[in-house]
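These are my notebook entries on a single protein chain. I looked up selected helices, strands, contacts and charged pairs in turn.

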Amino acid sequence: MPLPGTPRCSGDDRSHLCIHGRKGLTAMPVIRLKGRAISVKVRTIMLVALCLVLLAVGAVGRVVTSREDHHSGSPMEPTSGIPDEPALSRPNAEALLKTARDSLEASRRRDSSDDEYFFANGIWETGRPLCIRCNIGPGVVAAALASSGADRSLVKLAVQTIDPAIKEYQARNGSLGPGADDEEGPDIQTMTFATQLGMALYAIGPQLDDNRRARWTEALRGATEFLINNGNYAWYTNGNIALGNALVAALTWRATGDDRYRAVYWDAIEFAQNPGDKWPGRGLVITKKPTSDSGADGAGYLTEARSGGRPGFDADYTQVQADMAAMTALVTEDSRAVRLTNLLVNQLMPRVDQTRWLLNTSNGSRHTDRVRFVPFTTSALTVLARRGRPDLAAVAGAQSKSSAAYVTSDRGEAAYKMWGYRLAPTIMAMR
């Protein structure tokens with residue numbers, strides 16, 4: 001073994017202690033005195049002294065490196081990839097909860113007349129047209145924080161966000177809001193809204209009064225019935241949508257205890273992975289066959305395709321799939337959801353720069369840019385760390401810290417959606 005702080009030798013230098021010279025590694029010369037080699041004893045003493053010096057230098061180097069590794073920067077700055085604390089430790093959880101609370105309060109408060117970001121009348125204002133499925137996100141974070149403590153003001157904030165949205169946007173057929181942008185109908189809007197409503201209900205259902213809990217539960221049931229009647233559980237749009245529909249059914253089963261929705265969920269999570277011959281090329285693609293039932297040593301993804309394009313792998317949308325699978329695993333603890341989460345995360349991790357927690361999404365089936373990176377902010381690592389994966393437990397603390405810092409650094413509408421989809425489930429997984 002080379003001494004700490006010394007370079008490794010190679011080639012003919014292998015039998016000598018090496019140092020860095022102007023031209024690279026060179027052998028330490030043998031010192032001679034008056035034409036005679038120094039005695040073995042003297043040379044031994046000199047080598048021992050040199051080793052002690054190098055050990056001291058190496059120790060100093062390790063201290064400096066350790067200090068650099070524990071530097072806390074923004075999510076876009078290099079970090080060590082190894083957390084100070086395990087993902088689910090109390091200090092790590094408390095730090096993440098504080099980041100979320102502070103950001104929620106800053107977004108809620110209007111600091112001046114020209115401040116475009118504030119909360120009023122059930123709307124998280126951004127200075128832009130309302131994004132229905134984004135607006136509910138901060139309310140889900142409030143619910144997640146309330147589930148971790150006894151702060152009734154956070155329950156109130158969740159209620160003030162969700163109650164007006166249900167009243168305003170739920171139609172008689174159960175759908176939740178009109179389609180967004182170029183969406184032809186309300187089904188994707190309904191799925192996205194319902195997943196966040198269901199997660200808030202999962203977080204603070206026991207803290208709601210009976211009437212409100214019943215209203216939220218019926219709103220969730222109505223959304224699921226709309227998706228069933230609209231044919232969404234038999235139509236393969238894309239992997240993340242099929243998995244989102246499964247999550248809605250799982251949340252409704254959890255909220256109602258009705259076995260009908262358990263059956264819908266079971267069929268839906270199977271359909272997301274194996275849609276059948278009617279949908280060639282769609283579903284789960286295994287890139288590394290697992291040997292364990294949990295899928296912890298395998299990898300795979302659900303296909304994604306642009307309109308008119310061929311289905312394939314898209315890293316960005318695979319992260320969205322990991323969000324859906326992780327939330328499903330969190331609320332159901334179903335082994336199939338856990339297995340799928342493992343496969344999706346393992347598919348993504350080789351593409352993740354763990355020094356900056358950036359995901360390489362280049363050349364995807366939907367995001368086709370030749371060079372493209374996005375922050376790796378999914379809650380899936382924390383959820384799987386909670387399930388006992390030691391390799392992810394070793395990095396989930398650093399990743400969740402980076403994720404919280406990134407997600408809360410923006411208060412725009414897209415960020416608010418990520419609050420509900422990624423920050424809130426991470427908080428719930430740390431309970």
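Is Asp-163 buried or exposed? I find that Asp-163 is buried, with a relative accessible area of 18%; buried means under 20% relative accessible area, exposed over 50%, and partly exposed in between, with a 1.4 Å probe and protein chains only. I note that the model is predicted, that local features need pLDDT of at least 70, that side-chain atom pairs count only at pLDDT 80 or more, and that totals for chains, interfaces and linings use all residues. Residues are numbered from 1 along each chain as its sequence is written, and side-chain values use heavy atoms, leaving out hydrogens and water.

**Entry 1: Asp-163 and its partners**

I located Asp-163 in helix α5, residues 152-169; helices (H or I, at least four residues) and strands (E, at least two) are DSSP runs, numbered from the N terminus. Apart from neighbours within four places in sequence, Asp-163 is in contact with Arg-212, Arg-215 and Trp-216, where contact means heavy atoms within 4.5 Å.

I then looked up the charged pairs. A salt bridge is a side-chain nitrogen of Lys or Arg within 4 Å of a carboxyl oxygen of Asp or Glu. Arg-212 and Asp-163 form one at 2.7 Å, N to O. Arg-212 lies in helix α7 and Asp-163 in helix α5, so this pair ties together parts that are 49 residues apart in sequence. Arg-215 also forms a salt bridge with Asp-163, with the closest N and O atoms 3.9 Å apart. That pair likewise links distant parts of the chain, Arg-215 being in helix α7 and Asp-163 in helix α5, 52 residues apart. Arg-215 is partly exposed, at 44% relative accessible area. I recorded a network of salt bridges that links Asp-163, Asp-209, Arg-212 and Arg-215. In the whole structure, the search finds 18 salt bridges.

**Entry 2: Helix α7**

Which residue forms a salt bridge with Arg-221? The partner is Asp-258, the closest N and O atoms being 3.6 Å apart. Arg-221 lies in helix α7 and Asp-258 in the loop between α8 (239-256) and α9 (259-273), so the pair ties together parts 37 residues apart in sequence. Arg-221 is partly exposed at 24% relative accessible area, and Asp-258 is partly exposed at 29%.

I also looked up Ala-219, which lies in helix α7 (residues 210-229). Ala-219 is buried, with a relative accessible area of 2%. Not counting residues up to four places away in sequence, Ala-219 touches Ile-166, Gln-170 and Leu-197.

**Entry 3: The nonpolar core**

A nonpolar core is a set of buried Ala, Val, Leu, Ile, Met, Phe, Trp, Tyr and Cys residues joined through side-chain atoms within 4.5 Å. The largest has 105 residues, of which Ile-204, Trp-216, Leu-381, Ile-427 and Met-428 touch the most other members. Helix α6 (residues 187-204) gives the largest share of this core, 10 residues. For Leu-381, I listed contacts beyond four places in sequence, among them Val-345, Trp-357 and Phe-376.

**Entry 4: Helix α11**

Helix α11 covers residues 335-348. I find 11 of its 14 residues buried, so α11 is largely enclosed by the rest of the structure. The buried residues include Ala-337, Asn-342, Val-345 and Gln-347.

**Entry 5: Strand β8**

From strand β8 (residues 299-302), Ala-299 and Tyr-301 point one way and Gly-300 and Leu-302 the other, and all are buried.

Note on methods. Expected span 1.5 Å × (residues − 1).
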